[in-house]
Amino acid sequence: MHGTRWLTAILALPVLVWLIAAGGPFFFFLLLLGVAFIAQSEYHRIVDARASGSSDSDLRWIARLAMALLVLLAFWGMTGVLAGLIVAFLILTGLCMACFRRRPDLLTALPLELQGLLWIGFPLACLGALRVSDHGVAWVFFTLFLVASGDTGAYYAGRFWGRNKLAPAISPAKTREGFVGGVVLTLVLAVLFKLLFLPSFALLPVLFTALLTSLVAPVGDLFESMQKRISAIKDSGRLLPGHGGMLDRIDALLFAAPVVFVMRTWLC
């Protein structure tokens with residue numbers, strides 16, 4: 001399983017690097033759109049596995065449209081992200097109000113769709129807005145680099161020194177030692193990345209961004225684990241051999257991307 005995980009990453013990495021670095025904003029937003037639709041589909045699968053889950057095909061088609069608008073409007077930066085959130089909220093609630101007389105049940109499914117937009121669509125929109133900002137390519141790579149560093153540090157530190165459980169009720173395999181290892185490796189590699197690829201930015205704000213990201217990213221991992229645990233599902237999908245589904249791969253990124261975007265906008 002561990003070898004499969006690395007093999008999948010090695011095969012996917014060149015395509016991902018090209019789409020970010022050489023594909024331009026058009027292909028990057030196509031990538032974000034594809035990731036958003038796959039992740040939203042897996043989210044619906046997780047929700048449907050719950051006995052209390054309530055699904056509606058009409059509402060879900062509108063939710064897909066709202067997800068697409070939220071991601072694509074990020075092309076206009078922070079203004080586009082905020083506009084996307086407002087438009088997504090309005091079209092979802094508008095459908096419920098328009099159909100309320102015939103379909104009052106839509107209102108019970110609405111919170112789950114809004115949660116999906118905030119959990120998946122908003123962070124990917126932040127990543128899109130980051131891409132079209134100054135030095136956007138480097139900052140997108142920086143975000144992915146921070147998340148990957150944290151994952152790697154946590155995995156190996158937990159494997160070799162892990163003794164104390166971090167959140168046993170949610171994810172029994174995660175340890176406090178792994179969490180610390182992820183933070184330390186993220187900070188060390190963030191300094192190297194800054195020196196090589198972000199030389200015009202001050203060190204302290206970049207390091208502070210890396211520190212916040214290293215603290216928040218594991219929460220994204222735990223949040224997805226909690227969602228799956230409630231639904232009694234092990235993986236969100238089987239798209240990526242060794243990793244599971246798309247949500248399994250980007251769970252930490254979904255919490256990290258808004259943090260990096262905000263720090264890049266207001267501090268760095």
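# Helix packing in a predicted model

In H8, the residues Phe208, Thr209, Leu212, Thr213, Val216, Ala217, Val219, Gly220, Asp221, Phe223, Glu224 and Lys228 meet a set from H9 made up of Leu247, Asp248, Asp251, Ala252, Phe255, Ala256, Val259, Val260 and Met263. Sorted by class, this contact of H8 with H9 has 13 nonpolar, 3 polar and 5 charged residues. Please keep in mind that this is a predicted model.

**H8 and H9**

- Helix H8 covers residues 203-231 and helix H9 residues 246-266; their axes come within 7 Å and cross at roughly 145 degrees.
- The handedness of the H8 and H9 crossing is right-handed.
- With 29 residues, H8 reaches 43 Å from its first C-alpha to its last, which is close to the 42 Å expected at 1.5 Å a residue.

**H6 and H7**

- Helix H6 (residues 136-161) packs with helix H7 (residues 176-197) at an angle of about 145 degrees, and their axes are 7 Å apart.
- Here, too, you can look for the hand of the crossing: H6 passes H7 in a right-handed one.
- The contact of H6 with H7 divides into 13 nonpolar, 9 polar and 1 charged residues.

**Annotated spans**

- An unreviewed UniProt entry gives the annotation "transmembrane region" to residues 6-39, 136-157, 178-197 and 203-223.
- In the model, residues 136-157 are 100% helix and 0% strand, and the end C-alpha atoms of this span lie 31 Å apart.
- Residues 203-223 are likewise 100% helix and 0% strand, with 30 Å between the end C-alpha atoms.

**Salt bridges**

- Side chains of opposite charge can pair when their charged atoms come close.
- There are 6 salt bridges in the structure.
- One of the salt bridges joins Asp48 and Arg60, whose closest N and O atoms are 2.8 Å apart.
- Asp48 lies in helix H2 (residues 24-48) and Arg60 in helix H3 (residues 57-72), so this pair ties together parts 12 residues apart in sequence.

Note on methods: Residues are numbered from 1 along each chain as its sequence is written. This is a predicted model: local features need pLDDT of at least 70, side-chain atom pairs count only at pLDDT 80 or more; totals for chains, interfaces and linings use all residues. Side-chain values use heavy atoms; hydrogens and water are left out. Axes are lines fitted to C-alpha atoms, for helices over the stretch in contact, and angles run from 0 to 180 degrees between N-to-C directions. Helices (H or I, at least four residues) and strands (E, at least two) are DSSP runs, numbered from the N terminus. A crossing is left-handed if the near helix is turned anticlockwise from the far one by less than a right angle, and right-handed if clockwise. Contact means heavy atoms within 4.5 Å. Ala, Val, Leu, Ile, Met, Phe, Trp, Tyr, Cys and Pro count as nonpolar, Asp, Glu, Lys and Arg as charged, and the others, Gly among them, as polar. The expected span of a helix is 1.5 Å times one less than its number of residues. UniProt positions are given in the numbering used here, feature names are shortened, and annotations may be inferred rather than shown by experiment. A salt bridge is a side-chain nitrogen of Lys or Arg within 4 Å of a carboxyl oxygen of Asp or Glu.
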